[in-house]
Amino acid sequence: MRLFLALAWFIFLLWAMLSPGDRFPEVDVFDFQDKLIHWLVFVIQTYLWSGVKLGKGPIINQSQKEVILFLVFGLSTGIILEYAQQFIPFRSFDYWDMITNVIGSFSGFLIYRKWQSIKFILE
């Protein structure tokens with residue numbers, strides 16, 4: 001179930017960040033709204049992927065797998081997708097968005113690792 005949710009969220013994130021900017025309505029409710037959205041989607045992204053079970057194997061343990069998933073689907077995704085936006089019409093690359101994506105990824109990973117009771121919500 002968690003893998004399905006993680007994949008669905010990842011596909012949504014790809015669509016949202018790589019669609020031309022003119023496809024979304026311009027809504028400014030408060031300052032830094034864009035940064036809050038970036039932070040939140042990467043909290044969710046990293047939280048979901050941190051809990052994906054990759055099967056059992058003698059090479060690495062589950063804790064190491066969580067770190068690998070965090071690096072691939074948290075940090076890397078946040079950096080690569082923000083960089084890719086400069087090639088999308090009506091989108092632009094923004095260092096602050098990238099930093100916010102990374103902070104959101106760290107936040108999602110810490111939520112998953114530090115608050116044990118939250119881990120079982122989707123299991």
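Because the model is predicted, local features require a pLDDT of at least 70 and side-chain atom pairs count only at pLDDT 80 or more, whereas totals for chains, interfaces and linings use all residues. Residues are numbered from 1 along each chain as its sequence is written, and side-chain values use heavy atoms, with hydrogens and water left out.

Helix H2 spans residues 33–50 and helix H3 residues 62–84, and the two pack at an angle of about 150 degrees with their axes 8 Å apart; helices here are DSSP runs (H or I, at least four residues) numbered from the N terminus, and axes are lines fitted to C-alpha atoms over the stretch in contact, with angles running from 0 to 180 degrees between N-to-C directions. That angle makes H2 roughly antiparallel to H3, a term that applies to angles over 145 degrees, while those under 35 count as roughly parallel, 65 to 115 as roughly perpendicular and the rest as oblique. The crossing of these two helices, H2 and H3, is right-handed, meaning that the near helix is turned clockwise from the far one by less than a right angle. On the H2 side the contact (heavy atoms within 4.5 Å) involves His38, Phe42, Gln45, Thr46, Trp49 and Ser50, and on the H3 side the residues include Leu69, Phe70 and Phe73. By class, this contact of H2 with H3 comprises five nonpolar, seven polar and two charged residues, where Ala, Val, Leu, Ile, Met, Phe, Trp, Tyr, Cys and Pro count as nonpolar, Asp, Glu, Lys and Arg as charged, and the others, Gly among them, as polar.

With helix H4 (residues 95–114), the axis of H2 comes within 7 Å and crosses at roughly 40 degrees, an angle that makes H2 oblique to H4. The crossing of H2 and H4 is right-handed. Among the residues of H2 that make this contact are Trp39, Val43 and Tyr47, and H4 contributes residues including Trp96, Ile103 and Phe109.

Leucine 71 lies in helix H3 and, at 40% relative accessibility, counts as partly exposed, a class between buried (under 20% relative accessible area) and exposed (over 50%), for a 1.4 Å probe and protein chains only. Its C-alpha is 8.9 Å from that of threonine 46, although leucine 71 and threonine 46 are 25 residues apart in sequence. Glutamine 85, in the loop between H3 and H4, is buried with a relative accessible area of 3%, and, leaving aside its neighbours within four places in sequence, glutamine 85 is in contact with Met17, Arg91 and Ser92.
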